[in-house]
Structure formats: C-alpha cells, structure tokens
Amino acid sequence: MEHPTLSSDWQDEVRQQIDSWLKHFFEHKHASGQAYALKNKVLIDAIEDLTLRGGKRLRPLLLYATALAVDSKIKIEPLIKAGAALELLQSYFLIHDDWMDQDELRRGDKSVHTMFEARGHDPHQASSLAILAGDLCSSYAWDAMLQACKDHAEPAAVLAAFSDMQQQVILGQYLDVVAHDDIDLIYQLKTGSYTSSGPVLLGALLAGAKKETQDQLLKFAQPLGMAFQLRDDLLGCFGHSETTGKGIGTDLIRQKRTAVLQLAEAKLSADGKALFERLHQDAALSDELLQALLVYLKETGVAEIVENKIEALQSDSLGHLNQAGLRQDGKNTLKELALQFIARAH
C-alpha cells in the first residue's frame, strides 16, 4: 500500500483502504468461525453490518494525519490497521451504547439490538446477543491493533494508550448512566478520549513522536473532542435524522443529561418549566410536544451559547498546533481536519 497525497481527495483514499482492510478482516473471521461450528455466524454478521454500514471514518483520518504530520516516511500499513481498530472499537461502543439508551436507529438503519429483534429474537435474547456482539467486537479491535503494532519499536506504549482510551470511555459511560452532574467530565472521558485524544496520541506514538510533541498534540486534541460532542448535542436537537443517521430529540425524550439540556433548564421560564414537566410525565412523548420543546430551546438562546462555546474550544485547539513541532503541510492538514470535525460530528 502507498500513501495517498494529502490533496483534496486523500481522505477518500484512506477511507477506501480502511474499508478494504476491514472487509478482508471480516472474511477471515467468517472463515475462522466455521472451525467453531458457527454456521449462522450471527454475531459476526451484525458487527460487519454496522461497521461497514457507513460513517465518516474521522477517527482513523485523525490518527493517519497526525502520524504523517510527525513523520512523512512512516509506513501506511500500521496506520490503516490502527485506523481499522478504532472503527471496530467504535462499533463496540455503539452497540452497547444503543442498547443502554434503547436507540433504534444507527447510521441510517437499525441498531444492533433492534436488528436482532427484527430477525425474530425476543427482546431479552436480542439484548443478550447485542451485548455479546459488542464484546466480540471489542476483541476484534484488539486483534487489529495488535496487528498494527507487530513491527513497531515500542508496541507496549501504543497498546497502553489504546487500553487507557478504552477504559476512559467505559468510565465516562458509567458517569453518563448514573447521570453525574459534571457533564464536561463525561464528555472528556466518554467522547473526547476515543474521538480525538486517543487517535491523535496513537498516531503520534506510531510515528515515534517525542514526548513534548505528544503533549502539545494532546492539548490540541482535548478541546477538539469537547467541541465535537457539543456539536453532536446540537445536531441531536436541531439536526435531521437523514443526515445524522439517528433519531432527533431522543436525548430530550429520555431526559438524558446533555450540555444543551443543562443550559436550557438553567434558563427556564414558566412556560418552559411546564413543557419540561409534561416531558417528565409523558412516557409516550408526542411529536407535537417534542417540536414545542425544540422551538423553546431555540428561543432560550441555548443553541447560540453552545455555538459560542464550540468556537472558543476551536480557537483553543488550533492554537496548540503551532507549538507541536509538526511539518507545515501536516499541520495544515490537521487544521483542516479539525475544522471538519467541529463542523460536523459523527
């Protein structure tokens, strides 16, 4: 494999190489599954369906661009494998997260537990299969990352970073499930760790970056991850399911603690309080009430406040790129990719 030039279409070329590697990876898993008499291979099918269904592959792109910004001569194979590992790890997180949140839609189609129900499994069995699919997908992510580190000079450092990233996400998910009141901490752990900080650090480690470069790159990545999640919050309220690939307003329906909801509750008027009381009382929230809530959120100015916070985080993030000691063209590519992250989450 050869590196694509960092031209306007480099992202598409990297995506294609990652998707091609993943397809071969799943072919191997299907073949090896026959040794265990898994004739239906339902778990592998579900993981493959979700992973190859779509997605912008932003995390692998960030890993790839970071590595090349550090060392333009790095081999492409470990970067593609590490990028595929990130995609498999995300599939694992999505499978479990959708089940916990009872989300029915993911990437424009059924979430995995909903897919199993549609195939005739009762709800409990469908949930059990989704949990197992997520667990298996986690092991696949480690499989891919081990392949990426096979010839690396310091594989232990790369694998430790991959492990730490996964642990942070799980701890962040725990805080989310118990409705912890520190939303910034939840976002830092649950989203930022594997959306920006983890991919950037992995790219830097794979390219042999010095410690001071790693530190500056993490300062670039941390506010980027927060901005990414805030954009996702806004899209979850004011976006369109056709473009986001998931339901609109589901966080409101489930009373999930988000930055948008937290800000809105702090600015509640009497009418707003009445709407939220109805939200809390009405388990089967009507479309009419949902639209009224979304209109109210716009009128409170919450969207503008969140946009301003995103802009400040963007400025903070990009300000650290100049301190990272990167190649200029690589720095420009990372800036371009960061703006793409912030403009459009997931």
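# Briefing: helices, core and salt bridges

Tyrosine 174 is found in helix α7, residues 155-177. Helices here are DSSP runs of H or I with at least four residues, strands are runs of E with at least two, and both are numbered from the N terminus. The protein holds 16 helices and two strands. This is a predicted model, in which local features need pLDDT of at least 70, side-chain atom pairs count only at pLDDT 80 or more, and totals for chains, interfaces and linings use all residues. Residues are numbered from 1 along each chain as its sequence is written, and side-chain values use heavy atoms, with hydrogens and water left out.

**Overall build**

- Of the 346 residues, 52% count as buried. Buried means under 20% relative accessible area, exposed means over 50%, and partly exposed lies in between (1.4 Å probe, protein chains only).
- The accessible surface comes to about 15900 Å², and carbon and sulfur atoms hold 50% of that. Areas come from the Shrake-Rupley method with a 1.4 Å probe; for residues, only the protein chains shown count as cover.
- Among contacts with a separation of 6 or more, 73% join residues 24 or more positions apart. A contact means heavy atoms within 4.5 Å.

**Nonpolar core**

- In soluble globular proteins, nonpolar side chains tend to be buried together.
- The largest nonpolar core has 99 residues. Such a core is a set of buried Ala, Val, Leu, Ile, Met, Phe, Trp, Tyr and Cys residues joined through side-chain atoms within 4.5 Å.
- Which residues touch the most other members of this core? They are Leu88, Val112, Met145, Phe162, Leu202, Phe220 and Leu334.
- Helix α4 (residues 76-101) supplies the largest share of this core, 13 residues.
- Methionine 145 touches Ala82, Ala85, Val158, Leu159, Phe162 and Leu202, leaving aside residues up to four places away in sequence.

**Salt bridges**

- Side chains of opposite charge can pair when their charged atoms come close.
- The structure holds 13 salt bridges. Each is a side-chain nitrogen of Lys or Arg within 4 Å of a carboxyl oxygen of Asp or Glu.
- Aspartate 12 pairs with arginine 15 in a salt bridge, with the closest N and O atoms 2.9 Å apart. Both lie in helix α1 (residues 10-33), three residues apart, about one turn of the helix. Aspartate 12 is partly exposed at 42% relative accessible area, whereas arginine 15 is buried at 17%.
- Aspartate 49 forms a salt bridge with arginine 53, and the closest N and O atoms are 2.6 Å apart. Aspartate 49 is partly exposed, at 30%.
- Aspartate 184 forms a salt bridge with lysine 309, at 3.6 Å between the closest N and O atoms. This pair links distant parts of the chain, 125 residues apart: aspartate 184 sits in helix α8 (residues 183-206) and lysine 309 in helix α15 (residues 302-319). Aspartate 184 is partly exposed at 37%, and lysine 309 is partly exposed at 37%.

**The network at arginine 57**

- Salt bridges link Asp19, Arg57, Glu87 and Arg107 in a network.
- Arginine 57 lies in the loop between α2 (42-51) and α3 (58-70). Is arginine 57 buried or exposed? Arginine 57 is buried, with a relative accessible area of 4%.
- Arginine 57 touches Arg15, Asp19, Leu22, Thr51, Leu52, Glu87 and Arg107, not counting residues up to four places away in sequence.
- Arginine 107 is in the loop between β1 and β2 (109-110). Arginine 107 has a positive phi of about 50°, although it is not a glycine.

**Surface and loops**

- Met100, Tyr174, Val177 and Val178 make a nonpolar surface patch of about 390 Å². Patches are made of residues with over 30% relative accessible area and no salt bridge; like charges are joined within 9 Å, and nonpolar side chains (Val, Leu, Ile, Met, Phe, Trp, Tyr) within 5 Å.
- Glutamine 102 lies in the loop between α4 and β1 (105-106). Phi of glutamine 102 is near 55°, a positive value in a residue other than glycine. Glutamine 102 is partly exposed, at 41%.
- Alanine 209 is in the loop between α8 and α9 (211-238), and is buried at 11%.
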